Amino acid sequence: MKKEKIDKKKTGFSLLKKIMPNNSSEPRESLKFSEEKLKNEKTSLNADSSKIKISKNIQDNINYIKKLIGDDPTVKIREFHTKADTPIKCAAFFLDGLSDDTVISEQFIKPLILSDAPVSDNVLNTVMSEILYGGDCVSTCEMADMVSAILAGDTAIFFDNCDQGIVADTKGYKLRSIEEPQNEKALKGPREGFVENLMTNISLLRRKLQTVDFKIRFFTFGRKSNTKISVCYLDSVVNKKALALLYERLEKIDMDAVLDGNYLEEFITDKFFTSFRTIGDTERPDTAAAKMLEGRIVIMVNGSPSVYTVPYLMIESFQTSDDYYANSFYASFMRVLRIISYFLAIMVPGFFVALISFHNYMLPKELITSFISARQGVPLPTIVECVALLLAFEILRETALRVPGSIGQPLSIVGAIVLGDAAISARYASAPMLIVIAVSCLAGLLVQNTKNSILFFRIFFLVASSILGMYGFLLAFLVFIIHLLSLKSFGVDYFDYNIFKSPQKQKDYLVRAPWWTMLMFPEYLTKAKYRQKSGREK
């Protein structure tokens, strides 16, 4: 009755429906476009030109592209004739700002204008074999290939009386120089990192792995962005099951744009509702190459400096490139320290709250007396005090990341000192709790790859411990282990560790053994067995 009354008065949703403009770009029946709808979508490049062939009449081709791009001033057209006895009209399309004007004029347009070679019989073969200087050019009869090439920064060349065109690689936009990644700095080893250009990133990987075993497969995603990605792996050692799962998940993706690798990551991850990452990422070519050598797959997205690796196991969160460039004893110690720091980061606040609130009789008399005297005058419950300090630390950390680098670190240091001292002096927090939070948060900074799981499970342990004490803490730990054992990454167990396995299979897990002892590949990643013939001679 109420709904009918509202509709009669022309108010509510019925009135809003008339006022709001109709957004025809949003799918109404289904979130996923069908093939028939894509054919009718005029704004989609692939849908509009995928079935169009290049015409022998060059003017028809010119008119078609002009109509397709509309009034875009960045798309340039150069019409000219060859110098042969029977001149042939040509037209070159390229994108201003993305194409190299010098390469276009010197290696493609100039040779065509000055050439007097007879091209009346077979235009395309003569042009590509006798006239053009540019090395990277291919022929095509599809209009979609020509349009895609123009929008990517290449040059599309049409010829009159020829139903094929030439796509010339003339990209010339500015690129960021290759430098060391800020988030993955290493004490030793290479100082180069990936950039935003896909082909540059592939070349960085190829420099590390100069073998015919290196395989690449390209995909294009995004109806509007037409973003190119590449899947790279070593054919002899790759995990075939993981590769098949990756292809299956990639083929199901259908969206309007892909601007970064995380767009794809959320589609292909095994389990979305978990704080653990089951897909790895890195900005270092040496790290990506090392993972490929163990049977993993590297996914590169054009426009992103990070590459993604699958399968991804939990132990990889505690491994760094320094582990393999430093002495094995030092590397093993640091890896164990990172693992300990992770558990300190998620468990220390909850453990401390459980002891203080429920089981203070387990502490020595002098220690509990010190805690009680430190908390005198603090008006907040222990759990509220702990959560407030954790929230204050997260605000300081996020502030240090977002403000300019010149003031980020001083601001975070001064802010932590001032706020901590003021909180204790004003009796809003106790010194022991401040020490516990500092230890937990600093330990978490040592393993940045696990910050999502640290943030979630730190609160999980804290809440469980504040309700049930040590029983809640143990229950939270049991849930943590069960959840960890239930995860998989592309068919591989996320946490695969067994102390009863042979020593050869434990040499790059909790510790990093010397290189000359690691004779075999990790069996949980690849079916290939031996990575080297023999170890070090005595």
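**Close-ups of a predicted model**

Helix 20 is the top contributor to the nonpolar patch, giving 5 residues. Before going on, note that this is a predicted model, where local features need pLDDT of at least 70 and side-chain atom pairs count only at pLDDT 80 or more, while totals for chains, interfaces and linings use all residues. Residues are numbered from 1 along each chain as its sequence is written, and side-chain values use heavy atoms, with hydrogens and water left out.

**View A. A nonpolar patch on the surface, built from I459, V463, I467, L468, Y471, L475, L478, V479 and I482.** Together these residues have about 870 Å² of accessible area (Shrake-Rupley method, 1.4 Å probe; for residues, only the protein chains shown count as cover). The elements giving two or more residues are helix 19 (451–468) and helix 20 (470–486). Patch members have over 30% relative accessible area and no salt bridge; nonpolar side chains (Val, Leu, Ile, Met, Phe, Trp, Tyr) are joined within 5 Å, and like charges within 9 Å. V479 sits in helix 20 and counts as partly exposed because its relative accessibility is 38% (buried is under 20%, exposed over 50%, partly exposed in between; 1.4 Å probe, protein chains only). Helices here are DSSP runs of H or I with at least four residues, strands are runs of E with at least two, and both are numbered from the N terminus.

**View B. D322 in helix 13 (residues 322–325).** D322 is buried yet has no salt bridge (a side-chain nitrogen of Lys or Arg within 4 Å of a carboxyl oxygen of Asp or Glu). What is the nearest side chain of opposite charge? That's R338, 6.2 Å away (Lys and Arg count as positive, Asp and Glu as negative; His and the chain ends are not counted). Leaving aside residues up to four places away in sequence, D322 touches K185, A186, L187 and K188 (contact means heavy atoms within 4.5 Å).

**View C. Strand 2 (residues 89–95), with 7 of its 7 residues buried.** That count is why strand 2 is largely enclosed by the rest of the structure. K89, A91, F93 and L95 cover one side, with C90, A92 and F94 on the other. Strand 2 pairs in the antiparallel sense with strand 1 (residues 75–81) over 7 bridges and with strand 4 (residues 155–159) over 4 bridges; pairing takes at least two DSSP bridges between two strands. Follow F93 here: F93 is the bridge partner of I77 and stands opposite A156 in strand 4.
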